Structures are given as C-alpha cells and as structure tokens.
Amino acid sequence: MVVDYAVAVPTFTGSVMSTIASSLVLLSYATSSRKRHFRHWLILNLAIADFINALNNTISGLAVLKEGHDVTPGTGCILNAWIGQLSVQAGDFSVLAIALVALWIINQRALASPPDASVKKLLYCSSVWIVPVCTSTIGFGLKLYGPVSGNWCWIEPQHLGLRYALGHGWRIAIILTTVGIYAYVFVIIKRRFVGVAFFPHAASNSRQRTVTVSRGPVGVMTIELETTVVVESVATEHAGARGIGGFIRLHNKSAL
C-alpha cells in the first residue's frame, strides 16, 4: 500500500523529536558527576525505555518514507513489534516503579545505607523489564505480530483479546494503581502537615530545639528533631480602629 505522507511524515517527525529528547536525558546522566538518588536511577530506566521505543519507531518510519509504502510483514516487522512491545511496557512499569518508591519513601522513618545498595538498585531497575520481556516474547512465540499502522508493527487487530492480555490490560492496571498510589501519598502528606499554615503578617521565633541521634543494631541511624515554634500573627483593620492579636503554638516532632 502506498504510504500516506500526511500520516507518515508527522509520525516520523514526532519519533525523531522523542529520540533526540530522550538521548539528551541520557547524555545529561552520563556527563553528570553528581551523586544520584535511587529515584534518579528509575528515571534513567524510564529514559532508556523511551529512547529504545522512539529509536525503533524512527527507524521503521524512515524505512517507510524511503521505500514509499507501508510496512510489510517480515523479519523487520516482527523485530519492530517485539522491540515496541518491550520498550512501551517497560516505560509503563518504570512509571509504576517510581510511584512505588515514592510510596516507600513517604512511609520510611529512617534512612538506611546498606552496603549492597548498588546491587539493590540494579535488581530493582532490572525487575521493571521482567514482564515486558515475557509479554513481548509470548507475542513472538504465538506469531501475533504484523503491520498495524503505516510505519510500525504490533499484535494484529484480529487478536484483540491478546492485545488486552499482553498490552492494554497491563497499562490500564498500571494507570489505576499509579493514580491510587499518588492519591494515598497526597493524603498522607496532607495529614502530616495539616497543622502547618502560612501567615503573611507573622513573626515567629523558636523557643526550644532538641536533636536526638540514635543508632540501631543494623547501623540504621535515626535522627529525631523536636521543635517548638511560637508564631504570632497580627492583622490590623485598614480603618485602624482596632488590632487583633493571636498566638499559635506549633509543636512538631519528626524522624528523619
């Protein structure tokens, strides 16, 4: 089938732009000397998945424009479909992994630095690719891949059930789970800071500050910071008739 340039050109342009953008993210990570947090590795994992997917679509889009017709069934189409399924789903699971780490961090009361932290980072980032490798390989084994659009391949339309079992179903579940996780994180943060407010005309001073440091049996350090803050808020009516004075005492104790 002759290529529809009205569709193929914008699609190819978008793929090229995504490839450039994700490659710049990877380049910034490669050239940065700053110490990275665990979450940075997960973002890097997401950038790798996005780069693979964008480059895959860029190559197939370039082939379509060069040959002047849509993607045809064959080895190239199957490879494009397998890489596409792998990279897209890895991106979905990377988003879920970032949400899970955010949930884990918000529930921690201690900062730990185990000696095998790098190994744990590698294992956690690698686990993001387990389901994508399985689903993409299952699609290959069942010979489900074929042309589905002008410049890319995936599970063919007649296998609608398997599209949901291997692709759409996982994405819907990840979206719902991620939304639920961040809603829970929002509620937890809101409850923890429910007594904190901003006073535009306030003068505050700290009356007491106590820091307690303790070390557990496995080398986990807990730092408790206890602070008593007195905030005085004074609001005066514009008419100058009278003033209102109020004292609010805020007591906050947290573990870092």
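Analyst: Before we start, a salt bridge here is a side-chain nitrogen of Lys or Arg within 4 Å of a carboxyl oxygen of Asp or Glu. This is a predicted model, where local features need pLDDT of at least 70, side-chain atom pairs count only at pLDDT 80 or more, and totals for chains, interfaces and linings use all residues. Residues are numbered from 1 along each chain as its sequence is written, and side-chain values use heavy atoms, with hydrogens and water left out.

User: Thanks! How many salt bridges does the structure hold?

Analyst: There is 1. Asp 92 pairs with Arg 171, and their closest N and O atoms are 3.0 Å apart.

User: Which helices do Asp 92 and Arg 171 lie in?

Analyst: Asp 92 is in helix H3 (residues 75–106) and Arg 171 is in helix H6 (residues 160–192), so the pair ties together parts 79 residues apart in sequence. Helices are DSSP runs of H or I with at least four residues, strands are E runs of at least two, and both are numbered from the N terminus.

User: And is Asp 92 buried or exposed?

Analyst: Asp 92 counts as buried, at 15% relative accessibility. Arg 171 counts as partly exposed, at 36%. Buried means under 20% relative accessible area, exposed over 50%, and partly exposed in between (1.4 Å probe, protein chains only).

User: Switching topic, what pattern does the protein chain follow?

Analyst: Along the sequence it reads α-α-α-α-α-β-β-α-β-β-β, with 6 helices and 5 strands.

User: How much of the protein chain is buried?

Analyst: Of its 256 residues, 27% count as buried.
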